[in-house]
Amino acid sequence: MNIVKSQPKSIIQDSTKYCPGCGHGIILRLIGEAIDELGIRERMILTAPVGCAVILYDYISCDVIECAHGRAPAVATALKRVHPDKFILLYQGDGDLAAIGTAEIVHAANRGENLSAIFVNNATYGMTGGQMAPTTLVGQKTTTSPFGRTIKGMGKPIRVCEMLSTLEETKYLERTSIHSVRNINKTKAAIRKIFQNQMNGIGFSMVEILSMCPVGWKVSPVEAVQFIEEQMLNYYPLGVYKNVE
Amino acid sequence: MADEKKTETQDKQMLMKGNEAVGEASIKAGCYCYFAYPITPQTETPEYLSKRMEEENRVFIQAESEVAAINMVFGASAAGVRVMTSSSSPGISLKQEGISYIAGAELPCVIVNVCRGGPGLGNIEASQADYFQSTRGGGHGDYRCIVLAPNSVQECYDMTLNAFDLADYYRMPVLIQSDGIIGQLVEPFQMHPYKPMFDKFPPKDWALTGCAGRKPNVVRTLYLNPANGLELLNRKLEQKYNKIKSELRWCETYNCDNADIIVIAYGASSRIAKSAIKKHNTNGTKIGMFRPKTLWPWPDVELVDIARKNKNVKFLVIEMSMGQMLEDVLLTLMDVVPKKNIYFYGMGGGWNPTPDSVYEKISEIMKK
Ligand SMILES: Cc1ncc(C[n+]2csc(CCOP(=O)(O)OP(=O)(O)O)c2C)c(N)n1
């Protein structure tokens, strides 16, 4: 029998505390694989967000700093200025990056910090139990938009790749998804890409990943996959938004 | 080169603003990163350091906000270097989130607050109304910061040198509580070369440098288990704070033996008080002064000693706030001095008492 895949060395456990069907476990695994393949585990410093991914140090065996809600881009900026030879990864949810920490991400990107960012867009606040996020779709019901998000009073969902692409110092922006194997593989390639960009000193690179939150959305894991395919992809088109080499 | 080396080891007489002296001291103490956002009356520090950090090939960032600046401090400290930020009252309020995280993660850093009038946008004049905020934690949770209160440009310089050492030694944030007068004051001072306060500092083996050749380091403040996690952290912090209380209480006493009245004041108001005291003392009365130089830990043992020696002494607390340090004085003296012998004179408008008004206050108390 051929072993096609085994557990990456950077990954600490093969099971996680994440809810069934949650996307964080998949994404953390992809990060671990990319770190192994590029051989950069001992040069990584990960930033953990506030939100479901805060416990990422339980799963990835690297130096980690746990940041206040939304502040990771400021923390990472300093880490990179002190250690320009290390790899600094931002890992942020949509509440983290697009609500409380909007200023920090915009300004880190605008300064052209040589950082790699992963932005997990699950259209909700997972950890606190499924409240409305800036990325919640119009009409989507959450615990704080029980009648469905309306544009009047709540605004339209923020498209982060599109927004950040207006900043000239952003160098790579791509939106991917993890609702299918094909898309998981594309996401993996994008994660490698943002690491490689940092390695080559290219500048601020981000991948936005559409991810499932079945418990937050109050649907089954299968329905969560369908929600991405049928609802989220329409509003959040996948693809490369910027690529400056 | 040789000449330059020589001057580095000698005292130099300098003329600078308090805010600039803070900046130069941070350079001398080896501060590698400085992050800030402009606010009056502290803006001379970022202006000064934007130039000096560049000259020294170190890191200066004008952050997008005080929130970002303090989180940059968090990152740089975790990365293992000496780091400082400065601001004034409304900006320090914004930094409280980050200060709580830094205290929780037991990281060293220096934070300068050049206080102005408040609450709210208040005004840009000197004030001491952030005393509660700096000595009681300020952010959420059970934590303390060491708080140093300079009253001259000399002390702005010296205490900044000390602040970096204390931060590294105790692994915690150290606040310098200056005010608009002390920050803006220009006066000569001795620029001492940096000499570490301690022979040995704890190694920064917790720093994030990539995990080559060791187990990964995690800088964190989340402890979901109350009994095995957060309780242990808070017990450990409590022990550390108790140790600091026993080791670090700085104060200046002036003319306290057999005094009729002792004025208690810190920072700018202590200088104003001193002028009034000097004028009184030429009139045959005996007025002393007690000046805390560490606002936390508060020099309680020292004040109690003075009060015990002289049972009839009265105390006059002077603040550029509505009675914040007064609470520490009352707590300290509650078993030693009758409450009626403790007087208070405060200004809340973001301005200062004058030597004449302090003189009047003292005269009133003398008549009672
Ligand atoms: C200052 C602050 N405000 C609020 C919270 C509570 N909180 C914890 S996680 C979270 C939402 C995180 O959502 P998101 O970033 O989308 O990540 P997810 O959990 O969905 O992965 C919130 C609001 C907090 N920890 N800190």
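## Exercises on a predicted two-chain model

B:Asp165 is in contact (heavy atoms within 4.5 Å) with B:Arg82, B:Tyr194, B:Lys195, B:Pro196, B:Met197, B:Phe198 and B:Phe201, its neighbours within four places in sequence being left aside. The model is predicted: local features need pLDDT of at least 70 and side-chain atom pairs count only at pLDDT 80 or more, while totals for chains, interfaces and linings use all residues. Residues are numbered from 1 along each chain as its sequence is written, chains are lettered from A and ligands numbered from 1 in the order in which they are written, and side-chain values use heavy atoms, with hydrogens and water left out.

### Exercise 1

**Task.** State in which helix B:Asp165 lies, whether B:Asp165 is buried or exposed, and which side chain makes a polar contact with its side chain.

**Solution.**
1. B:Asp165 belongs to helix α7 of chain B; helices are DSSP runs of H or I with at least four residues, strands are runs of E with at least two, and both are numbered from the N terminus.
2. With a relative accessible area of 1%, B:Asp165 is buried. Buried means under 20% relative accessible area, exposed over 50%, and partly exposed in between, using a 1.4 Å probe and protein chains only.
3. The polar partner is the side chain of B:Tyr194, at 2.5 Å. A polar contact is a pair of N or O atoms within 3.5 Å; within protein, one must be able to donate a hydrogen and the other to accept it, and residues adjacent in sequence count only if both atoms are side-chain atoms.

### Exercise 2

**Task.** Describe the surroundings of B:Ser86 and name the side chains with which its side chain makes polar contacts.

**Solution.**
1. B:Ser86 is placed in strand β4 (residues 83-87) of chain B.
2. Its relative accessibility is 0%, so B:Ser86 counts as buried.
3. The side chain of B:Ser86 makes a polar contact with that of B:Tyr34 at 2.6 Å, and another with that of B:Gln42, also at 2.6 Å.
4. Not counting residues up to four places away in sequence, B:Ser86 touches B:Phe35, B:Ala36, B:Thr45, B:Pro46, B:Lys95 and B:Val112, among others.
5. B:Phe35 has B:Ile61 as its bridge partner in β3(B). Strands β2 (residues 33-36) and β3 of chain B are joined by four bridges in the parallel sense; two strands pair if DSSP finds at least two bridges between them.
6. In β3 (residues 59-62) of chain B, B:Val59 and B:Ile61 form the covered face, B:Phe60 and B:Gln62 the uncovered one.

### Exercise 3

**Task.** Which residues touch the most other members of the largest nonpolar core, and which helix gives the most to this core?

**Solution.**
1. The core has 128 residues, of which A:Met206, B:Phe35 and B:Phe315 touch the most other members. A nonpolar core is a set of buried Ala, Val, Leu, Ile, Met, Phe, Trp, Tyr and Cys residues joined through side-chain atoms within 4.5 Å.
2. Helix α7 (residues 153-170) of chain B gives the most to this core, with 10 residues.
3. Apart from this core lies another, of 48 residues, including A:Ile191, A:Ile194, A:Leu210 and A:Tyr236.

### Exercise 4

**Task.** Give the strand order of the open five-strand sheet of chain B, identify its edges, and name the helix that packs on the sheet.

**Solution.**
1. The order is β10-β12-β11-β14-β15, with mixed pairing.
2. The edges are β10 (251-254) and β15 (342-346) of chain B; each has a single partner strand, so one side of each lacks a neighbour in the sheet.
3. Neighbouring strands of this sheet are turned by 20° against each other on average, direction ignored.
4. Helix α13 (residues 355-367) of chain B packs on the sheet, touching β11 (261-264), β12, β14 (314-319) and β15 of chain B, and its direction makes about 155° with that of β14(B). Axes are lines fitted to C-alpha atoms, for helices over the stretch in contact, and angles run from 0 to 180 degrees between N-to-C directions.
5. β10(B) and β12 (residues 287-292) of chain B run antiparallel and are joined by four bridges; in β12(B), B:Arg291 is the bridge partner of B:Glu252.

### Exercise 5

**Task.** How many residues surround the ligand, and how far from its oxygen atoms are the polar atoms of A:Asp96, A:Asn122 and A:Thr124?

**Solution.**
1. The ligand is surrounded by 16 residues (a heavy atom within 4 Å), the closest being A:His24, A:Asp94, A:Gly95, A:Asp96 and A:Gly126.
2. A polar backbone atom of A:Asp96 is 2.8 Å from a ligand oxygen atom.
3. For A:Asn122, a side-chain N or O atom is 3.0 Å from an oxygen atom of the ligand.
4. For A:Thr124, a backbone N or O atom lies 3.1 Å from an oxygen atom of the ligand.
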